[in-house]
Amino acid sequence: MSTPRILTIMGSGETAPTMVPTHRMLAARIGSSVKATLLDTPYGFQENAPELAQRAPELAAKAVEYFKTSVNVTLEVAGLTQVVEGDALAVERGLNKVKDADYVFAGPGSPTYALRQWAGTSLPEL
């Protein structure tokens, strides 16, 4: 049996307590062993705010902790806040994490920025 391919689009509040049942239900559809990745591009958009770039690890850590404690899923961070101008090796590593994942969670932030970063990469096909 193949793993289901499910696209779930959430508005704001994707890591609110009220979303725990939704994440649990989606993870359960995959099976008992879920390989999950945080696609962190959406919150890399603050090019003019270096202090937020420094907060990216903090935002990732919050998502990792949310999934660990609330959803019982280990979330690995892709490290793709900057795809277009990112380090080529780091981008390739991040793309591989997404490729190998059963569950990809695109974190909070700007969907428009993320789509611009992903355009022209292999990410849309992954």
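1. Throughout this note a residue is called buried when its relative accessible area is under 20%, exposed when over 50%, and partly exposed in between, with a 1.4 Å probe and protein chains only. The model is a predicted one, in which local features need pLDDT of at least 70 and side-chain atom pairs count only at pLDDT 80 or more, whereas totals for chains, interfaces and linings use all residues. Residues are numbered from 1 along each chain as its sequence is written, and side-chain values use heavy atoms, with hydrogens and water left out.

2. On the overall fold, the protein has 4 helices and 3 strands, arranged along the sequence in the pattern α-β-α-β-α-β-α; these elements are DSSP runs numbered from the N terminus, helices being H or I with at least four residues and strands E with at least two. Of the 126 residues, 37% count as buried. If contact is taken as heavy atoms within 4.5 Å, then among contacts with a separation of 6 or more, 75% come from residues 24 or more positions apart.

3. The aromatic residues deserve a point of their own. A pair of aromatic rings is described by the distance of the centres and the angle of the planes. Here, rings of Phe, Tyr and Trp (its six-membered ring) pair if their centres lie within 6.5 Å, and planes under 30 degrees apart count as stacked, over 60 as edge-to-face and the rest as tilted. The count by this rule is 3 aromatic pairs. Tyrosine 66 and phenylalanine 67 make an edge-to-face pair, at 5.5 Å centre to centre with 75° between the planes, and both residues are buried. Phenylalanine 67 is also edge-to-face with tyrosine 103, at 5.9 Å centre to centre and 70° between the planes. Because phenylalanine 67 lies in helix H2 (residues 50-71) and tyrosine 103 in strand E3, this second pair ties together parts that are 36 residues apart in sequence. Phenylalanine 67 has a relative accessible area of 0%, and tyrosine 103, at 7%, also counts as buried. Ring pairs join Tyr66, Phe67, Tyr103 and Phe105 into a cluster.

4. For salt bridges, the rule asks for a side-chain nitrogen of Lys or Arg within 4 Å of a carboxyl oxygen of Asp or Glu, and the count comes to 1. The partners are glutamate 76 and lysine 97, at 3.7 Å from N to O. Glutamate 76 is in strand E2 (residues 75-77) and lysine 97 in helix H3, so that the bridge links distant parts of the chain, 21 residues apart. Both ends are partly exposed, glutamate 76 at 33% relative accessibility and lysine 97 at 26%.

5. The largest pocket has a volume of about 1300 Å³. A pocket is an open set of points on a 1 Å grid over the protein atoms alone, with protein on both sides within 12 Å along at least five of seven lines, and its lining residues have an atom within 4 Å of a point; the volume is the space filled by probe spheres set on the points. Of the 35 lining residues, Ile6, Leu7, Thr8, Val104 and Ala106 are the closest to the centre. The elements giving two or more residues to the lining are helix H1 (20-30), helix H3 (88-100), strand E3 (103-106) and helix H4 (111-118).

6. Finally, valine 84 sits in the loop between E2 and H3 and is exposed, with a relative accessible area of 53%. Leaving aside neighbours within four places in sequence, valine 84 is in contact with Arg116 and Gln117.

Conventions
On a 1 Å grid over the protein atoms alone, a cavity is a set of points where a 1.4 Å probe fits but cannot get out, and a pocket is an open set with protein on both sides within 12 Å along at least five of seven lines; lining residues have an atom within 4 Å of a point.
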